[in-house]
Structures are given as structure tokens and as C-alpha cells.
Amino acid sequence: MKKVGVVGATGSIGTQAIDVIKKNKDKFEVVFISAHSSKDKLLNFKEDIDAKYAILTGVDSSDNGDVLFGLDELLNIIKNEEIDIILSAAVGFSGLLPTYHALQRGIDIALANKESMVTAGSILNNISKRNGAKIIPVDSEHSAIFQSILGHKKEFLEKIILTASGGPFRRRPIDSLEFVEIDEALKHPNWKMGKKITVDSATMMNKGLELIEAKFLFDVSTDKLDVIIHPESIIHSMVSFCDGSYIAQLGFPDMRVPIAYALSYPERLTLDTKRLSFYELEKLTFLKPDFKRYPCLKLAFEVLNNDKAVYYIALNAANEVAVEGFLKKEIKFIDIPSVIESVLEKIEQVDVKSINDIIEVDKTARMYALDFIKKRF
Ligand SMILES: NC(=O)C1=CN([C@@H]2O[C@H](COP(=O)(O)OP(=O)(O)OC[C@H]3O[C@@H](n4cnc5c(N)ncnc54)[C@H](OP(=O)(O)O)[C@@H]3O)[C@@H](O)[C@H]2O)C=CC1
Ligand SMILES: CC(=O)[C@@H](O)[C@H](O)COP(=O)(O)O
Ligand SMILES: [Mn+2]
């Protein structure tokens with residue numbers, strides 16, 4: 001039995017993870033599940049999978065004895081309980097501290113929270129190496145890459161090619177993006193996900209964050225990273241080698257596959273997911289991303305080329321604030337890249353050596369983003 005913890009259990013990834021765990025009760029013992037404030041859903045899960053602890057990190061206290069409250073309680077459990085693997089699936093920068101403390105303790109991470117790797121990739125890699133704790137990707141593209149490079153020497157790797165759906169606005173006239181409504185941005189063509197990542201897919205900042213995530217997860221230079229639009233989301237990503245060979249991982253889009261793979265690695269679980277019917281697949285298409293349509297992807301490439309921790313953190317923080325601003329109707333969809341650009345221009349170059357440095361840069365970048373929104377819109 002693997003002893004697991006799930007951070008962000010009530011979200012899109014968390015809920016699918018609970019489903020996988022529930023159907024494989026003989027393989028997993030659940031030490032804890034956590035969420036921000038969805039108490040009823042968390043309590044139902046606690047009962048369903050017989051979790052030892054349930055923690056709400058965004059609520060101070062209550063008289064309900066079945067739930068623990070506050071981030072400190074979650075971190076205490078991570079620091080003290082016997083746990084083999086933690087699924088890190090909270091949204092945004094809030095996922096960093098649980099990921100960081102788990103790795104510090106030598107606990108393996110099944111990583112959905114890409115923002116952890118974007119903001120702290122280098123520090124997390126160092127801790128993982130030092131403590132022998134594995135970081136196993138859950139993000140569909142990175143799981144595909146992880147599976148495709150398995151058993152191959154890194155020196156032979158030529159390119160990592162991340163596939164992107166292109167989001168809901170791939171074919172919409174660029175001059176009409178100004179009028180994008182919230183519900184239009186939340187209609188992903190292939191995946192049902194949380195709001196933040198769905199808006200990121202529409203701007204293609206999701207792919208920008210994933211490029212940075214890939215750089216740190218697979219320890220490759222930026223010139224080895226490519227993005228290609230593949231609207232069907234059947235090929236989840238691919239790699240090429242020095243002899244012209246390509247290896248890809250394919251499947252019907254269903255996040256239970258990479259979640260189960262990461263939780264059971266190096267084994268595999270049997271899943272009742274939809275199988276591909278190759279004769280029914282009409283065709284697989286591939287397109288080049290256009291930076292005019294997706295300025296956020298351009299910004300992410302610029303930050304990658306600059307390769308400084310402070311810009312990775314600022315890009316992520318500014319994007320989180322901008323997406324929230326869009327979802328609150330404070331800014332338009334097309335204003336998201338302007339907010340990020342303004343923060344990247346303003347943020348001071350500082351050395352980032354510790355988790356506290358990261359938290360400080362994140363705080364400053366958020367302040368600049370909020371200030372920009374307040375003054376400009
Ligand atoms: N959904 C997907 O298919 C994919 C997601 N990912 C990544 O996985 C992560 C989770 O995404 P997704 O499941 O879609 O997100 P959701 O918005 O669906 O779920 C977010 C989870 O995080 C919790 N949460 C919300 N705010 C906070 C906070 N301030 N502090 C701590 N926890 C919080 C929520 O709890 P509560 O319910 O109480 O609010 C919920 O459990 C993201 O990093 C995303 O990029 C990566 C690949 C695919
Ligand atoms: C399922 C998953 O991993 C998401 O990150 C997905 O890739 C988003 O789709 P886009 O390719 O549109 O960003
Ligand atoms: Mn992804």
C-alpha cells in the first residue's frame with residue numbers, strides 16, 4: 001500500500017485523483033486530503049476514501065471536529081506523518097509551500113501544480129536531488145515527455161515538442177479578441193479543468209508555463225523546447241532524438257491517465273478510460289502558434305531566453321493577478337498580456353536563493369500587477 005496525500009483534493013485534478021484512488025483502494029492508504037474552503041466536498045471524500053486527515057487551508061477555524069484548519073496544520077502533517085507520495089494539485093502559487101516541504105522531507109511528489117516548478121524549479125530540483133525525492137509529472141504534456149524519454153540517454157535527446165490545443169480562440173478573428181466574454185474563455189475544446197488553467201489555455205500562457213516547467217523538470221536548455229498546436233489533443237507531447245526518431249505518447253484526453261501513472265509509478269494501474277479508435281480519428285493536425293494571437297506565449301519565450309528566477313516568478317504572479325482581474329471583469333481578455341509585460345518591465349533584478357526570496361518577489365510582482373490594473377483600467 002502506498003501512503004498518499006492529496007493537496008487540492010476538491011479541484012478538477014484532485015477529484016479525478018480521488019476517483020482513481022477510490023477504484024484502487026487496495027493500492028493506496030490516504031493519509032490526508034486538503035482543500036481551500038470546500039468543506040462538504042472534502043468531508044465526503046474523507047469518508048469515501050477513508051482519509052486519516054482532512055484539512056481546509058483557507059478557513060481559520062470551526063467547531064467541526066472532522067476537519068483541521070489552516071496551512072500550518074497541512075504543513076505539520078507533511079512534516080511529521082509517514083507519507084510515500086503527495087499529489088500537489090492546488091491552484092497557482094498556493095501549491096508551492098506544500099510541494100517544497102514535501103520534497104524537503106524526502107517525500108515523492110506527483111506534480112500537477114506547474115506553478116511550483118515555474119517559480120522554484122531550480123530550488124526544488126536541488127532539494128529533490130539532495131533528498132532523493134522524485135518529482136513525477138502529472139501535467140499531461142510532461143507525463144507524455146517523461147514516458148517518452150524513459151530508458152533513453154539524455155545526450156541523445158534533440159527536442160522536446162509540447163503540443164497545445166490552441167484553446168477556444170484558435171480560429172477567432174484576432175480583432176474580435178477584445179470582446180471575449182468570460183464564459184467563452186472558459187470553454188476549452190478538449191479538457192474540463194479549473195478556471196485559472198482554462199483561461200491560461202485560451203491565452204496560451206498555459207503552454208508558456210509548461211515550457212518553463214519542462215525546462216526544469218527535464219533539465220534542458222531553451223533551444224531544445226518547441227511548441228506546436230495540435231487541436232485534437234491526442235498526442236500529449238513528443239520528443240525527438242539525434243537519429244531523427246520521434247517518440248510520442250497518445251491517448252484520449254483524460255487526466256486520470258497521467259494522475260494514475262504518477263501515483264503508481266513505476267507500476268501502471270488498469271483504468272476504464274476510453275480507448276483510441278484509430279479508424280474513427282479523422283486526422284491529426286499540426287499548426288505553428290502565432291504570437292499576434294497569443295502574446296502571452298511570446299512573453300513566456302522571452303522570459304525563458306532571459307532565464308532569470310526573478311522573471312519566472314514575476315511572470316507567474318502577474319499572470320495570476322491578471323487572470324483573476326479578467327474573471328472579476330476588471331480587465332479585458334486582451335489586457336492580460338499588458339499586465340504581465342508591465343510587471344516584467346518594472347520588477348527589480350534580485351538574487352533568488354531561498355524560498356523566502358521567492359515569496360518576496362511574488363509579493364512585489366503581485367503588488368505591481370494590482371497597481372497597474374488600478375491605475376490603467
Ligand atoms: N485540471 C487539469 O486538467 C489540469 C490541471 N493542472 C494543474 O493542476 C493544478 C490544479 O488545477 P485544477 O485542478 O484545474 O484547479 P481547480 O481550480 O479545479 O482546483 C483547485 C484546488 O486548489 C484549491 N485551492 C484554491 N485556492 C487555493 C488557495 N488559495 N490555497 C490552497 N488551495 C487552494 C481548491 O480548493 P477549494 O475547492 O476549497 O477552493 C481546489 O482543491 C493547477 O496548478 C493546474 O495548472 C495541470 C494539468 C491539467
Ligand atoms: C490537460 C493538461 O495538461 C492541460 O494543461 C492542457 O494541456 C491544456 O490544454 P492546452 O493545450 O490548451 O494548454
Ligand atoms: Mn498541460
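In the UniProt record, an unreviewed entry, Asp139, Glu141 and Glu210 are listed under "binding site". These three residues are spread over 72 residues of sequence, yet they cluster in space, with a largest C-alpha distance of 8.4 Å. Glu141 is placed in helix H6, which covers residues 140-149. The structure described here is a predicted model.

The protein chain is divided into three domains: domain 1 comprises residues 2-137, domain 2 comprises residues 139-252 together with 274-296, and domain 3 comprises residues 308-377.

A distance of 26 Å separates the C-alpha centres of domain 1 and domain 2. Contact between them involves 13 residues of domain 1 and 17 residues of domain 2. The area buried between domain 1 and domain 2 is about 1,200 Å², and carbon and sulfur atoms account for 67% of it. Of the area that domain 1 buries against domain 2, 50% is supplied by Lys114, Val118 and Pro137, more than by any other three residues.

Polar and charged interactions also occur across this interface. Three salt bridges are found between domain 1 and domain 2. Glu115 and Lys196 form a salt bridge in which the closest N and O atoms are 3.0 Å apart. Six residue pairs are counted in polar contact between domain 1 and domain 2, with both residues of each pair at pLDDT 80 or more. On the side of domain 1 that touches domain 2, the elements giving two or more residues are helix H5 (114-131) and strand S7 (135-137). Helix H5 provides the largest share of that side, namely seven residues. By residue class, the side of domain 1 that touches domain 2 divides into seven nonpolar, four polar and two charged residues.

Over the structure as a whole, 26 salt bridges are present. In one salt bridge, the side chains of Lys154 and Asp219 meet at an N to O distance of 3.3 Å. This pair links distant parts of the chain, the two residues being 65 residues apart. Lys154 belongs to the loop between H6 and strand S8 (157-164), whereas Asp219 belongs to the loop between helix H9 (205-217) and strand S9 (225-229).

Two features of the backbone complete the description. Tyr265 and Pro266 are joined by a cis peptide bond, for which omega is about 5°. Pro266 is located in the loop between helix H10 (256-264) and helix H11 (295-306). Asp50, a residue other than glycine, has a positive phi value, near 55°. The position of Asp50 is in the loop between helix H2 (39-49) and strand S3 (53-56).

Terms used
Residues are numbered from 1 along each chain as its sequence is written. Chains are lettered from A and ligands numbered from 1 in the order in which they are written. This is a predicted model: local features need pLDDT of at least 70, side-chain atom pairs count only at pLDDT 80 or more; totals for chains, interfaces and linings use all residues. Side-chain values use heavy atoms; hydrogens and water are left out. Domain bounds come from an automatic or database domain assignment. Contact means heavy atoms within 4.5 Å. Buried area is the accessible area (1.4 Å probe) that two parts lose on being put together, summed over both. A salt bridge is a side-chain nitrogen of Lys or Arg within 4 Å of a carboxyl oxygen of Asp or Glu. A polar contact is a pair of N or O atoms within 3.5 Å; within protein, one must be able to donate a hydrogen and the other to accept it, and residues adjacent in sequence count only if both atoms are side-chain atoms. Helices (H or I, at least four residues) and strands (E, at least two) are DSSP runs, numbered from the N terminus. Ala, Val, Leu, Ile, Met, Phe, Trp, Tyr, Cys and Pro count as nonpolar, Asp, Glu, Lys and Arg as charged, and the others, Gly among them, as polar. UniProt positions are given in the numbering used here, feature names are shortened, and annotations may be inferred rather than shown by experiment.
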